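Dear colleague,

I am pleased to hand over the structure below for your studies. The notes that follow it set out what was found.

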Amino acid sequence: MSEALDAYYRELGLSEKVYSYCQSVEAGLADRFSQIDAVTEYNQLKVIKAMQEHKVSDYHFADSTGYGYNDIGRDTLEAVYASVFHTEDALVRPHITCGTHALTIALSGNLRPGDELLSPVGKPYDTLEGIIGIRPQKGSLAEYGVTYRQVDLLENGDFDYEGIRNALNERTKLVTIQRSKGYQPRRTLSVKRIGELIAFIKSIKPDVICMVDNCYGEFVEMMEPTDVGADLCVGSLIKNPGGGLAPIGGYIVGKSEYVENAAFRLTAPGLGKEVGASLGVNRSFFQGLFMAPQVVGGALKGAIFAANIYEKLGFECVPDSTESRHDIIQAVVFGNAGHVIEFCKGIQAAAPVDSHVVPEPWAMPGYDCDVIMAAGAFISGSSIELSADAPIKPPYSVYFQGGLTWYHSKFGIMMSLQKLWDAGLVNL
Ligand SMILES: *Cc1c(COP(=O)(O)O)cnc(C)c1O
């Protein structure tokens, strides 16, 4: 390493001890990193091909106002998304405020009173509890007469095929499959496993809608859930597919009928995709999608780097240091609040924005306990940018993800270790 680089790290607050420890870990990761590069290359070409097919041109970057009729940029972007995910149609809009909102319109647009929703992979993401009505919430699907059934994963993480077979019934209209672990200790599902699950479900009930919550999964593998039978796939643009450039938004891709049903919820029955001015976001949506494979690759390198660092120090990492990756999230189980808070302080201290503030746990809306969040992001709340969050409750795991560049992820993780070291919480 050059002396000039060393000096920079020193100036930015990294000690010789922590730095050399981390360098020795990185030296062992060359093979893993080249595997990630191969997936990045494939997905980069997939995105370029879709953009070429739809003749993306500079006039697609112009904005529209008012009703947004005939917004050719918006419509072309949606065609590009449909190509990337190999689906009939797509809804990609700045009016979708977040991933939870995208999931809400996909669910409420496709479910009717008397229908049943099934999660065959255990409890869904925390914010979905209120939407489904697992936790009482005004406006939930439960209030509209949609019932919910859940089949947990088996102890060993396998699907409970017998339980799923028993849960499927004549009222089951939609099955929601969450790819990423979210704040659960379970493992993230690979696209292959999602495909196996969908095939099983369809063998019992061919007409059921299989929807995948794809949050944090886009471009991690060469295939997406829509390549293995998902009828709908949903995600947030301030995560992977926005590439860090989309300032807001969500997407829904899948079969035309189901995407249209969701669009009727987003705007109004009958209006659907026809309205919705893009207000100047088209360029950043296109450019973000273009950047996304590379950004996701960098984030994955960061996650693997972190797992290798913290596992060697004796902390359980999910996924562990050697496992294959199916989303960009890395959980480190610290077992107590002190470690979690120092870790988050380190991530914050490495940020390009707001590095001078100190994160603290707070009662965030939608969560049932205090949550600490570290992020110094260009896009507020963006979790494709380097960020860490942790519910302050046992087992005191920190979930961290992102980094628009590998070098920023690397620096953030080294700073997290620095904070733990400074607080006397780890031995190197
Ligand atoms: C992030 C995420 C969501 C949606 O969260 P928002 O903060 O509303 O964008 C849903 N499901 C999973 C698994 C997620 O990771």
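This is a predicted model: local features need pLDDT of at least 70, side-chain atom pairs count only at pLDDT 80 or more; totals for chains, interfaces and linings use all residues.

A nitrogen atom of the ligand is 2.6 Å from an N or O atom in the side chain of D213, which places the two in polar contact, that is, a pair of N or O atoms within 3.5 Å (within protein, one must be able to donate a hydrogen and the other to accept it, and residues adjacent in sequence count only if both atoms are side-chain atoms).

Residues are numbered from 1 along each chain as its sequence is written, and side-chain values use heavy atoms, with hydrogens and water left out.

Which residues surround the ligand? They are C98, G99, T100, L103, Y125, Q178, D213, C215, Y216 and K239, where a residue is counted if one of its heavy atoms lies within 4 Å of the ligand. Five residues of this shell are nonpolar, three are polar and two are charged; here Ala, Val, Leu, Ile, Met, Phe, Trp, Tyr, Cys and Pro count as nonpolar, Asp, Glu, Lys and Arg as charged, and the others, Gly among them, as polar. Helix α5 (residues 99–110) gives the largest share of the shell, three residues. Helices (H or I, at least four residues) and strands (E, at least two) are DSSP runs, numbered from the N terminus.

Some features of the backbone also deserve attention. Most residues other than glycine have a negative phi, and most peptide bonds are trans. A cis peptide bond, however, joins V318 and P319, with omega about -5°, and P319 lies in the loop between β8 (316–318) and β9 (330–333). Another cis peptide bond joins P394 and P395, with omega about 5°; P395 belongs to the loop between β11 (387–391) and β12 (397–401).

Positive phi values occur in H86, at about 55°, and in F219, near 70°, and neither residue is a glycine. The loop between α4 (72–85) and β1 (89–93) holds H86, whereas F219 is found in the loop between β5 (209–213) and β6 (232–236).

Yours sincerely
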